[in-house]
Amino acid sequence: MEAAIDRIMQTYDLLMNRSAAASSEARAKVTQYVIMLFEAGEKDPHRLTVCGLTYLPELDGSNDPVKAGYTGL
């Protein structure tokens, strides 16, 4: 599980330019999320990594289509 969290943070830090404090906060939140998935029965580290990498953009709002300029037209 720790390997999945490390991989999530390494990958996400490559994609996003954030401060150390923001990275630390994101790591704490994604750790809680991955622990929840692990306790729910997901044991595959690759799936945990993908889930974590999906969760972080939702957390910081970077996948919001409205913020990205999508108007629906």
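This is a predicted model: local features need pLDDT of at least 70, side-chain atom pairs count only at pLDDT 80 or more; totals for chains, interfaces and linings use all residues.
How many residues does α3 have, and how far does α3 reach from its first C-alpha to its last? The helix α3 has 16 residues and reaches 23 Å between those two atoms, close to the 22 Å expected at 1.5 Å a residue, where the expected span is 1.5 Å times one less than the number of residues in the helix.

Residues are numbered from 1 along each chain as its sequence is written, and side-chain values use heavy atoms, with hydrogens and water left out.

Let me begin with the chain as a whole. The chain has 3 helices and 0 strands, and its pattern along the sequence is α-α-α; helices here are DSSP runs of H or I with at least four residues, strands are runs of E with at least two, and both are numbered from the N terminus. Of the 73 residues, 22% count as buried, and by that word I mean under 20% relative accessible area, with exposed meaning over 50% and partly exposed in between, using a 1.4 Å probe and protein chains only. The accessible surface of the chain comes to about 5,000 Å², of which 58% belongs to carbon and sulfur atoms; these areas come from the Shrake-Rupley method with a 1.4 Å probe, and for residues only the protein chains shown count as cover. As for contacts, meaning heavy atoms within 4.5 Å, 60% of those between residues at least 6 apart in sequence join residues at least 24 apart.

M9 is buried, with a relative accessible area of 4%, and, leaving aside neighbours within four places in sequence, M9 is in contact with R18, S23, A26, R27, V30 and L56. The C-alpha atoms of M9 and S24, which are 15 residues apart along the chain, are separated by 9.4 Å.

That brings us to α2, which runs over residues 20–39. At 1.5 Å a residue, the 20 residues of α2 should span 28 Å, and its end C-alpha atoms are 28 Å apart, which agrees. The buried residues of α2 are S23, A26, V30, V34 and L37, and seen down the axis of α2 they fall within an arc of 70°, so they line one face of the helix. These buried residues pack against α1 and α3, while on the other side of α2 we find A21, Q32 and E39 exposed. S23 itself has a relative accessible area of 15%, and, beyond its neighbours within four places in sequence, S23 is in contact with M9, D13 and R18. After α2 comes G41, whose phi is positive, near 120°.

Back, then, to α3. Its buried residues are L48, T49, G52, L56 and P57, and seen down the axis of α3 they fall within an arc of 165°, so they line one face of the helix. They pack against α1 and α2.

I will close with the rings. Rings of Phe, Tyr and Trp (its six-membered ring) pair if their centres lie within 6.5 Å, with planes under 30 degrees apart counted as stacked, over 60 as edge-to-face and the rest as tilted. By this rule the count comes to 1 aromatic pair. Y33 and Y55 form that pair, which is stacked, at 4.1 Å centre to centre and 5° between the planes. The pair links distant parts of the chain, with Y33 in α2 and Y55 in α3, 22 residues apart.

Terms used
The arc is that of the directions from the helix axis to the C-beta atoms.
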